[in-house]
Amino acid sequence: MSFNSLIAIALGYVIFLFAVAFLAERRAIAGHSNWLQSPIIYTLSLSIYCTAWTFYGAVGYAARSGLEFVTIYLGPTLMMVGWWWVLRRLVRIGRAQRITSIADLVSSRFGKSTQLGIIVTLISVIAGTPYIALQLQSVTLSFAVFSQVEGVSWDQADFYRAAVWVAIGLAVFTVLFGTRNLDANERHHGIVMAIAVEAVVKLLALVAVGAFVVWGVAGGPGAMLARIDASEINLWDQNSGRWIGLIFLSAAAFLCLPRMFQVLVVENADERHLHIASWAFPLYLFLMSLFVVPIAVVGLDLLPAGSNPDLFVLTVPLNQGQGGLAVLSFLGGLSSATSMVIVATLALATMVSNHMVVPLWLRLQGSQHATMSGDVRHVILLSRRLSIAAILALGFLYYRVSGGGTALAAIGLISFTGAVQILPAMIGGVFWRGATGVGAAMGLITGLLIWLWSLFLPSFGADAIISEAVMTNGPWGLNWLRPQALFGITDLDPLVHGIMWSMLLNAGMFVIGSLVTFPAPLERLQGAQFVNVFDHSNAAPTWTPAAAGAEDLLIMAQRIMGGNEAQAIFEQEAKAQGKAGYLPEVTLEFIERLERELAGSVGAATAHAMIGQLIGGSSVSVEDLIAVADEAAQILEYSNRLEEKSKEQERTARALRDANAKLTALSIQKDAFLSQISHELRTPMTSIRSFSDILREGEMSTDEQARYAGIIHDEAVRLTRLLDDLLDLAVLENGQVVLHEQTGNLSDLLDRAVRTSGAYDGRLTILRHRPDENFNLTADLDRLGQVFINLISNARKYCDAATPELTIKVGRSSMGAFVDFIDNGSGIASDNQALIFEKFSRLTDGSKAGGAGLGLAICREVMQRLGGDVAYLANVAGGAFRVTLPPAKNPAKLEQT
Amino acid sequence: MGKRVLLIEDEPNIIEAISFILSRDGWTVHTHEDGMTAMDKVLGFPPDMIILDVMLPGRSGFDILRDLRGNDLTKDVPVMMLTARGQEKDRDLAMRLGANHFMTKPFSNTEVRDFVRDLMRA
């Protein structure tokens with residue numbers, strides 16, 4: 001096996017992974033994602049727990065310390081078998097709250113706190129970077145092994161060069177498949193599929209090497225067992241403190257590592273997958289660990305003394321002349337390393353981007369960003385991509401600085417301990433309502449400091465960062481602050497010592513901090529939602545009603561999620577409220593829902609802040625909270641009592657509550673509409689009142705008098721027109737309208753409309769092609785004419801070209817005959833196109849809609865009654881409307897007359 | 001030269017009416033129609049008082065009020081809010097955000113004049 005063909009195989013494998021990821025993405029987009037979301041794929045994706053450190057390192061670990069390596073597998077196994085209900089709670093919360101990362105979980109639980117998001121992100125990045133470096137090291141080492149077989153040994157520069165290329169490749173893969181879309185809820189099907197394939201490859205590789213060792217080298221299980229007994233590996237000389245510490249550590253890390261949280265919670269498609277995974281994943285771990293001891297024993301027997309046991313999985317097959325097996329094992333190691341790095345980088349980049357870069361960017365943008373500044377979505381994607389590159393660069397840098405030696409190998413467990421500092425805040429947050437953000441911050445910071453002091457900084461080696469003198473005597477001669485003998489506890493294994501103190505003090509500060517501080521209102525609500533996630537799905541509202549328009553919210557949502565998705569959400573909500581179009585009433589429930597949707601893209605804290613800016617910052621107050629709590633308690637008590645009586649009565653109670661909710665929703669809708677009408681009526685009335693006051697006071701020129709009387713007249717006309725429109729719309733909406741069907745010629749109808757709309761005043765040139773118009777149709781022609789008049793006078797009023805022109809074009813599509821009204825003005829901005837058919841919509845680009853904004857709403861209602869349609873034509877230069885004529889009775893084309 | 005009032009409002013006729021009333025009372029009336037750039041306008045020349053409509057193109061008057069109160073240059077400038085929506089909760093919101101007075105359209109001219117006089121005397 002030449003080194004070059006190994007490179008070719010590795011490249012081929014990587015291309016294969018790209019193809020797998022690409023096809024999975026494609027199928028997911030096409031809607032065939034069922035099998036992508038199977039519990040088996042979920043279980044396999046969890047296997048990123050087994051990194052190169054476990055793939056290669058477990059054998060080395062066994063060769064050095066006997067069975068202790070098993071603890072690394074026991075922790076997650078116990079978690080899955082006995083503590084799956086903790087996972088289920090996390091998964092449920094993750095879905096309900098649209099959690100994007102572990103930092104988002106902690107931040108969201110404690111009142112959507114930006115600071116906590118930053119702290120957790122920092123911990124994760126500091127603890128995660130050495131781990132990424134470790135993976136880069138293992139890949140480059142395995143390349144070097146093959147190179148040595150050819151007699152070429154690598155120097156340091158070769159290692160670095162290889163590591164750079166590996167890091168770049170991983171960055172490209174992660175950017176390509178990790179930042180295609182924003183909403184974490186859409187999940188990364190491509191990446192998950194690729195790591196599932198890699199999970200199979202690494203398991204196959206390890207089992208194949210193991211089977212070869214047992215049957216091919218040792219000559220069967222019996223002979224293998226005899227060989228193990230005879231070997232020097234001291235299987236059972238165990239330190240019980242380390243065992244307990246390590247089992248705890250690996251179980252906790254299984255929950256707290258950002259990459260595990262990503263696959264366990266964020267990428268989880270269905271809570272029920274946990275049922276399968278709770279036995280299937282332990283089985284996977286069992287198979288992964290089954291042959292570790294045999295490979296270690298045989299490796300020690302076969303290979304010369306002093307060989308690196310961390311590479312036995314590769315070197316044993318090579319030593320036995322099994323080139324193919326060695327390549328398989330190489331691919332297994334490559335899979336372990338790459339899948340871990342990809343997911344870890346993706347998770348860390350999401351955290352860095354959502355909790356550090358985007359909040360900072362928003363702050364720099366000032367308070368006007370939400371509805372005006374550039375494309376937020378673009379900024380978020382860009383910052384995620386840059387974060388991915390930065391994190392891989394950090395990993396490489398750490399690898400370079402640490403020199404890639406044995407210091408790095410020892411860092412795995414230290415890394416785990418760092419990540420596990422999040423455990424108290426996370427578990428406390430989801431099980432204990434009394435936990436507060438201050439407590440969480442105190443615990444996290446304490447844990448981080450102790451971890452840095454007792455484990456992380458000493459890991460760089462004596463005198464590297466902490467001097468030998470400080471290690472033995474403590475800083476400033478303070479004996480009780482010695483990094484590995486804190487508070488006078490000596491004689492402990494340094495790792496166990498670090499785990500014990502960091503976790504004890506972390507949890508202690510968390511509890512004390514939570515007990516002595518009082519949670520903010522928002523924190524209480526979030527706490528209740530997290531802790532009671534299984535009890536009730538009806539969340540208490542965290543907003544008080546205020547002055548946010550549905551339009552503003554839609555525009556903000558479009559900026560973040562992109563036009564189609566945002567419009568789909570708004571349209572769906574509007575439909576649920578029984579309205580057509582894109583603008584639902586801004587109910588509390590809707591704001592909550594929108595906030596959760598946005599949180600899926602930018603994290604809870606940022607989404608909350610953005611909504612807050614639109615709503616006017618009127619987040620929930622203590623009074624509201626108490627009111628909500630009282631109400632909730634009363635409802636609960638009430639229904640409890642009913643439950644005791646009979647289920648029948650409870651059903652009645654639920655029906656009553658539903659009815660009540662419906663009434664409330666209706667009255668909110670009515671409120672908003674009334675307040676709009678009030679605005680539209682009061683505005684002309686204000687001018688009328690004010691100028692009549694002025695006229696009464698006298699003391700002005702005749703010119704002024706005439707002018708003010710003119711204004712009063714115009715405003716009175718405007719008021720009347722508005723009232724007419726309102727009545728018309730009310731009749732149309734109630735469906736009380738009686739249609740008077742007539743048959744007439746379309747061309748004549750258009751003639752009349754052009755005349756009535758006042759378009760002959762010379763301001764607007766109208767271009768028509770009469771032969772196309774010449775056919776009869778049967779419909780309520782007065783109503784249809786009303787729609788035409790509206791569209792023509794709109795063009796007359798709002799077309800902003802120097803010489804305004806309106807083209808009226810008749811055509812035919814699969815939907816039937818249509819009439820297009822296209823002017824040569826600048827048209828309507830794409831953000832606003834969804835809004836213009838709403839009652840009283842006001843456009844946001846500053847152009848004034850004028851009138852009352854009822855004209856187009858009336859057009860829409862009329863066309864719906866007539867069985868046709870009116871729509872705005874996007875992608876046409878100028879303002880462009882299409883009226884689709886009613887289908888049934890239209891175009892029996894007449895002979896040309 | 002009289003004191004300066006800035007009128008932020010987008011209805012041309014209402015602008016004309018208020019300008020007329022206040023100039024007769026000795027004020028120099030400056031006007032601005034756009035919500036988005038209103039803050040820049042205010043900071044460009046801090047006026048002695050501001051009359052602020054709620055429903056403006058681009059940006060709500062409530063948002064502008066919040067910015068005014070959050071800025072050291074303008075946090076003490078008297079602000080009178082105008083709205084045509086006429087709901088109690090709008091009044092509450094305006095007062096909570098720090099408006100000095102809240103007036104529902106339509107208003108009588110004397111009401112505007114008296115309030116502005118009171119405010120400057122105080």
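In chain B, F62(B) lies in helix α3, which spans residues 61–70 (helices being DSSP runs of H or I of at least four residues, and strands runs of E of at least two, numbered from the N terminus). The model is a predicted one, in which local features need pLDDT of at least 70 and side-chain atom pairs count only at pLDDT 80 or more, whereas totals for chains, interfaces and linings use all residues. Residues are numbered from 1 along each chain as its sequence is written, chains are lettered from A and ligands numbered from 1 in the order in which they are written, and side-chain values use heavy atoms, with hydrogens and water left out.

F62(B) has a relative accessibility of 4% and therefore counts as buried (under 20% relative accessible area, with a 1.4 Å probe and protein chains only). Although 31 residues separate F62(B) from L93(B) in sequence, their C-alpha atoms are 7.9 Å apart in space. Chain B contains five helices and five strands, arranged from the N terminus on as β-α-β-α-β-α-β-α-β-α, and 58% of its 122 residues are buried.

In chain A, the axes of helix α8 (residues 114–149) and helix α18 (residues 376–402) come within 8 Å and cross at roughly 70°, the axes being lines fitted to C-alpha atoms over the stretch in contact, with angles running from 0 to 180 degrees between N-to-C directions. The two helices, α8(A) and α18(A), are therefore roughly perpendicular to each other (65 to 115 degrees). The residues of this contact between α8(A) and α18(A) comprise eleven nonpolar, four polar and no charged (Ala, Val, Leu, Ile, Met, Phe, Trp, Tyr, Cys and Pro count as nonpolar, Asp, Glu, Lys and Arg as charged, and the others, Gly among them, as polar).

Methods
Angles under 35 degrees count as roughly parallel, over 145 as roughly antiparallel, 65 to 115 as roughly perpendicular and the rest as oblique. Buried means under 20% relative accessible area, exposed over 50%, partly exposed in between (1.4 Å probe, protein chains only).
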